[in-house]
Every structure is written in structure tokens, then in C-alpha cells.
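Please read the points below alongside the sequence and coordinates.

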Amino acid sequence: MPHLAFTSQLRRFTATPEIETGATTLRAALEDAFALNPALRGYVLDDQGHLRANVVAFVDGRRSTDRIHLADPLLPESRVHVMQALSGG
Amino acid sequence: MNDRAWIATRKGLFELRRDGATWRIAKTSFLGEPVSMVLPPQPDGRMLAALNLGHFGVKVHASDDAGASWHEVATPAYPPQPEGAPGAPWKLVQIWSLEAANGVVWAGTLPGGLFRSADFGATWQLIDSLWSRPERDEWFGGGYDVPGIHSICLHPTRPAEMLLGISCGGAWVTKDGGDNWALQASGMRAAYMPPEAAENPNTQDPHRIVRCAAQPDVLWCQHHNGIWRSTDDAASWQEVTGAPLSNFGFAVVVHPRDADTVWFVPGVADQQRIPVGAALGVNRTRDGGRTFETLRSGLPQQQCYDLVYRHGLALADDGSTLLMGSTTGGLWGSNDGGDHWQAVNTRLPPIHAVRFG
């Protein structure tokens, strides 16, 4: 199953569940994590549900570029990492 | 309270206490995190801090014990943006102003929305009556990419009335608690606009607007290109000329019981945001702007490049205790209305806001 993990930088603000998910898209995987910790959503997504400008998601080592829909497909063995972009300081 | 103050900085929130004539840092909170604004403790001890995390967005924290401990509360959020809606994205960029009265907290934000909370930050509501005004399409950013509300001037005796200062969107007034709004910046002039548009009240850049608590019909504005005063509750504004050094600056405070006594911190100009002559001075008028004096005693007078931003100057309720913080981390205090200043700390992080309480 796809594996989702968040940067350790987020842990000082809120819980970051590391999960195995049956999701088939990046957004669905994130929603699974938000279901475990609703407060996490606002740290990763903005008011419009888009990936925050200074947050970056990697799917199998490739940076996601669809910051609006987060429709990147996930394979059963995909590994997703949500990181802070260094553009944020 | 005149003996406690809060310094919101690029790298945390600092609580100051005054021992006699000297200020000391008593406590730090959110060390390392940008704090864009603070709402000092209310009579029940509750206070708010607005963070602007570089990666993870705006967050609001509340304290029930005057800053001893904190917990995260809700963040104001913009509603879904309709397809093709003009203007800036409907995304919270920063909380730029926080005020509270009568059990209600008001948050002014970039990109220009006003939010209301009746439960001290547990929930927030966007004031749609202002956000949906067609004039908002004409607003633009001043110092930021998007417009923002930096001044919320509540009325001391009429709880349904408030004035907002918006960069760049002029001054807006409600007299019914936010149901209806009127643009009230007539008389201001924008030197950065084409001549035929210079007097458009909707594109004025009031850097900061403050209201005299005892004479609430009197408002003072440090504007992008001058100083303006209103004596008729913002029905009209008159330019005040004759301030020494420069009429450019960001900060203004008015004496709580004497509307004619006002302080400003001039800078050279918009294209050179440093003290005139690299020497820090504070302009004070005691006669409603007819005459000014520049106060320098105790302030650096050589190679000083400190800029005092719009929320960086604060006056305590006693009318004589001042604190002034700069964008390069200088903090000075005065116990005599600015006649004499003492450095509190000149190596703080960049200072966003200074507030007593």
C-alpha cells in the first residue's frame, strides 16, 4: 500500500501520522492523514485546499507539480513525502 | 497597564516588564517563529498571538493566563474562491491587526478581509459585507503583494462603530457593527497615483490610523505621502503640513486624553526607508499639528538605519510611557512622553508590533 510521511519539522506544531493508505491519488492520501489529525490540514493546504506555497510533496522521489488538484496517481508501492520547501525560509 | 508590554517579532513574542524606569524581557514565547501581531491580555487574562509560519501558514494561538501558556485556536479562513473572481487569491497571507471589545475580537488581514470572532478565536467569520464590496477590486498592495487591513479603530462609546485603515484601500467605516460600510478617506491625496486619480479615496495608502480615546471624533493618519487629521469622525480629512525632517513614515500614536498631542517617527521617503541623516528622531506635536518638535535625547544619532514600522510605536494609557521598536531590532522606551529615551535592547529580531497591556 502507498506510504505517506510528513517532514519532522511539522511535529513541533501538530501530530504527523505516518500511514499506509489505500488511496490512489496524492490528495486522497492526504485526506486519510487529515482524518487522523484534522489540525494537520491547515499546515499542508491553504484556504482553497491547494498545497501551501512553501510546502512540497514528493511521490516516489518526484516533486508534485499539481498544487491545486494534487491528482498525482499513487501505485501500491508508492512512497509519499510531504516536506517544507526551502523557499519558505 | 503601563508596566507590561508585548513585542511581536520575526523570531518570537517577548513579554516586557518595567521595574522602576527600566524595561526587562520577562518571558519569550514562540521563540524562532514569526509573530505578526499580538492582542494583549483582556481584563479576563485572555490574549491572542498571530503567527505567520514561513512554510505552514498563518496560525492563531490563545492564552488564558496572560501568556504563561498557549494553545492553538482556529485560523481565519477565506471561503472558496468563485471561478474567475478578480483580485488577489482568497488565501490568508497574514493577520495584520487584532482588536477586541465587548466580547468580540476583530482581525484585519492581508489580502484585505476583516474577520470577527465572538468566542475568542475558536471560530472566525469573514465580514462578507466588506469583502463583497465592488470597490475592493480597486485595492492594491502597499509594501505587500496584496492589500491589507492594518488599523482597526474601535469607538470607545459606540460599540457598533469602527474605522478600518487599508493599504491600499483608504479608510472604511461601519456604524452598524459591520453590516454596512462607507469609504471615508475624502481629503487624502495619493502622490503615487496619476494626477487625475490622486484624490480617489479608495486607493489611498494610510500607513496607520489611530483614534483619540477621549475625543473619538479625532483621528490621525500617517499616510504614504503625508500626515492627515480628521476632527469629524472621518467625514473629512485635512493634511497637516510642517512636520520637520520628513512627512514620510509609518507609525503614529495619539494621546488618549488629548487629541492634539501626537507622535510620529519620520523616515526619509518611500524610496529610502531610513531615518533622516541616519539619526533617529521622533516628531511630536502638542497643538494639533500647528507646530512640531523633534525628540532625539537618548536615541542613536549616527549611522542609525532603524525603521519603525506601522505597529512599532506604542503609547501607554498614562499618556507618557512610550515604546518604539524597529525593523532592525532596536527597542527604545521613554517615560516622559518622548523627551528622553533609553535603549531597552538593540539586538532583538525585527519588530513587527509593540503593544502595552
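B:Glu293 has a relative accessible area of 30% and is therefore partly exposed, a class that lies between buried (under 20% relative accessible area) and exposed (over 50%), computed with a 1.4 Å probe on protein chains only. This is a predicted model, in which local features need pLDDT of at least 70, side-chain atom pairs count only at pLDDT 80 or more, and totals for chains, interfaces and linings use all residues. Residues are numbered from 1 along each chain as its sequence is written, chains are lettered from A and ligands numbered from 1 in the order in which they are written, and side-chain values use heavy atoms, with hydrogens and water left out.

**Salt bridges**

- Over all chains the structure holds 17 salt bridges, each being a side-chain nitrogen of Lys or Arg within 4 Å of a carboxyl oxygen of Asp or Glu.
- B:Glu293 meets B:Arg284 in one of these salt bridges, at 2.9 Å from N to O, and B:Arg284 is buried, with a relative accessible area of 2%.
- One network, made of salt bridges that share partners, joins B:Arg158, B:Glu161, B:Arg211 and B:Asp233.
- In chain A, the closest N and O atoms of the salt bridge between A:Arg41 and A:Glu31 are 2.7 Å apart.
- This pair links distant parts of the chain, since A:Arg41 lies in helix α2 (residues 41-44) and A:Glu31 in helix α1 (residues 26-36), 10 residues apart; helices (H or I, at least four residues) and strands (E, at least two) are DSSP runs numbered from the N terminus.
- A:Arg41 counts as partly exposed at 35% relative accessibility, and A:Glu31 counts as partly exposed at 29%.
- B:Asp44 and B:Arg46 form a further salt bridge, at 3.0 Å from N to O, in which B:Asp44 is partly exposed at 46% relative accessibility and B:Arg46 is partly exposed at 31%.

**Cavity**

- The structure holds one cavity of 30 Å³ or more, where a cavity is a set of points, on a 1 Å grid over the protein atoms alone, at which a 1.4 Å probe fits but cannot get out, while a pocket is an open set with protein on both sides within 12 Å along at least five of seven lines, and lining residues have an atom within 4 Å of a point.
- The largest cavity contains about 40 Å³ of space, a volume being the space filled by probe spheres set on grid points that are joined across faces, edges and corners.
- Its lining includes B:Val265, B:Pro266, B:Ile274, B:Leu280 and B:Asp306.
- That lining divides into seven nonpolar residues, one polar and one charged, with Ala, Val, Leu, Ile, Met, Phe, Trp, Tyr, Cys and Pro counted as nonpolar, Asp, Glu, Lys and Arg as charged, and the others, Gly among them, as polar.

- The largest pocket holds about 1200 Å³ of space, and of the 42 residues that line it, B:Glu99, B:Arg208, B:Leu315, B:Asp317 and B:Arg355 are the closest to its centre.
- Strand β8(B) gives the largest share of this lining, six residues, and by class the lining has 28 nonpolar, eight polar and six charged residues.
- The second largest pocket holds about 910 Å³, and of its 40 lining residues those closest to its centre are A:Asn54, B:Asn52, B:Leu53, B:Gly54 and B:His55.
- The lining of the second largest pocket has 17 nonpolar, 16 polar and seven charged residues.
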